[in-house]
Amino acid sequence: MVRTSIFVTALAIASTAFAQQTCDLNTKCPEEAPCCSQYGQCGVGAYCLGGCDPRSSFSLDSCTPEPVCQSKTYDFTSMDRITSKTKYLGDASKTDWVMDGDAVIYDNNVLLTMAPGTVGTLLASSTYMWYGNVKATFKTSRGAGVVTAFILLSDVKDEIDYEFVGAALDTAQSNYYFQGIPDYNNELNISLSDTFENYHTYEIDWTPDSITWSVDGQVGRVKQRTDTWNATSNQWMFPQTPARVQLSLWPGGLASNGQGTIDWAGGLVDWNSPLMTNGYYYATFESVTISCYNATSSLGTNTGVSYTYDNAAGTNNTVVAGDKPTVLKSLLATGTNISSKGSSSKSASSTKPSATVQSIPGLTGAGPGADPHAGGDSSSSSSSSSSSSSDSSSSSTQSASGSSSTDGSTSGFSQGGSNSGSSSSSSHSSSGADKLGATQEKVLQGSLFAGIVAMVAMVVL
């Protein structure tokens, strides 16, 4: 009886220790695990780095400051400047890309892989773009349920996308979101030749006033900020905050995803498909070129060291370009205790989430960013093949070389208003970014939990 009681007590303690708190705009992280990751879960260390949402964290400065933009062309000839998220501490001078999953260098390209039992691979830039121009040259993957993506995603979930469904190799899907709020009407298709067989150069030209999507130098779509005004929330529903470049391959057709997402992705992934090579699906990325927005002050500046936020509205007028450090001392540190190695930081009690255990957020098959298809209604995807009345389509004769995103000219757009971010709370839970991380973290926590149970059993028996 005593041994049984001890065992039950140990199980209860272990369950409590490995319970992890989720976070969103309505439920902020606790002080012991203050950082709300891109995937909507609380922790320290890597939770406080790229993707940490200051609006849902314990405080605005819980997240580590974001390294400012650097104009550079990235070729993938080696893994030297690609760092696993388990080792990255925020030093953008030593790392160009932070990796989640498995990437392989092959023939001067980087292959993002997706094998059975995995949820694919994500590379995220170590620096942030606050407007500017980015080009990526690559070949997508293929197959039902297999999704390749090239996106910009900010820590408050502003997003600009190219997404490619492996069952529709003649289409690039363009999309954008303001603070992760899904909207079916934002999606628009761009037609092109086979994306698996052919390299294409995909371009996003982003200014405070417009977004231009171009393929191989030909404009496919233009979205004007002036067409995104929401009279109900009294704000522009337009991406406007510093964002990381993200390259990814993920299983939209994972059985655990929502039916709407599975349908949009072309069905379930076939994990025994002859389309796989060496036991995995892959997408081939040749190069990425980032050209920072050439503003010397105010919106889009990159003259400092880092970006932070001074207001939970999370709009462009709340972004501060300053000189705060971006590098954590360890994976036990946070934005408010950046030099912590663990000994001087507050330790969580046994009845609260274990901050020291939860230091590496995970990745799931929900995809990196908002998922407007998760609700189950996939019918709207077919309507995205034609341009909306407020967008300029591929019939435009404008050349991508004529873009002016880096010259710093702007109308001076500033979101303004102390309640700018208020409308996002009701829809924010629909964002795919909130769901990311759960599967991988449950596996990790389950393994650790099983280990503790086994050790306790050996002791009491």
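## Terms and basis

A cavity is found on a 1 Å grid over the protein atoms alone, as a set of points where a 1.4 Å probe fits but cannot get out, and its lining residues have an atom within 4 Å of a point. This is a predicted model, in which local features need pLDDT of at least 70 and side-chain atom pairs count only at pLDDT 80 or more, while totals for chains, interfaces and linings use all residues. Residues are numbered from 1 along each chain as its sequence is written, and side-chain values use heavy atoms, with hydrogens and water left out.

## The largest cavity

The whole structure holds three cavities of 30 Å³ or more, and the largest has about 310 Å³ of space (a volume is the space filled by probe spheres set on the points, which are joined across faces, edges and corners). Its lining is made up of 24 residues, and A46, L49, G50, V98 and R244 are those nearest the centre. Two or more lining residues come from each of β3, β6 (97–100) and β9 (121–125), where strands are DSSP runs of E, at least two residues, numbered from the N terminus.

Because domain 1 (17–64 + 326–341) and domain 2 (67–292) both give residues to the lining, the largest cavity lies between them; the domain bounds come from an automatic or database domain assignment.

## The sheet with β3

Strand β3 also belongs to an open, antiparallel sheet of three strands in the order β3-β22-β23, where pairing requires at least two bridges found by DSSP. The edge strands, each pairing on one side only, are β3 (66–67) and β23 (319–322). Two bridges join β3 to β22 (residues 306–309), and E66 stands opposite Y307 in β22.

Conventions:
Helix = DSSP H or I, 4+ residues; strand = E, 2+ residues; numbered from the N terminus. 1 Å grid on protein atoms, 1.4 Å probe; cavity = no way out; pocket = protein on both sides within 12 Å on 5 of 7 lines; lining within 4 Å.
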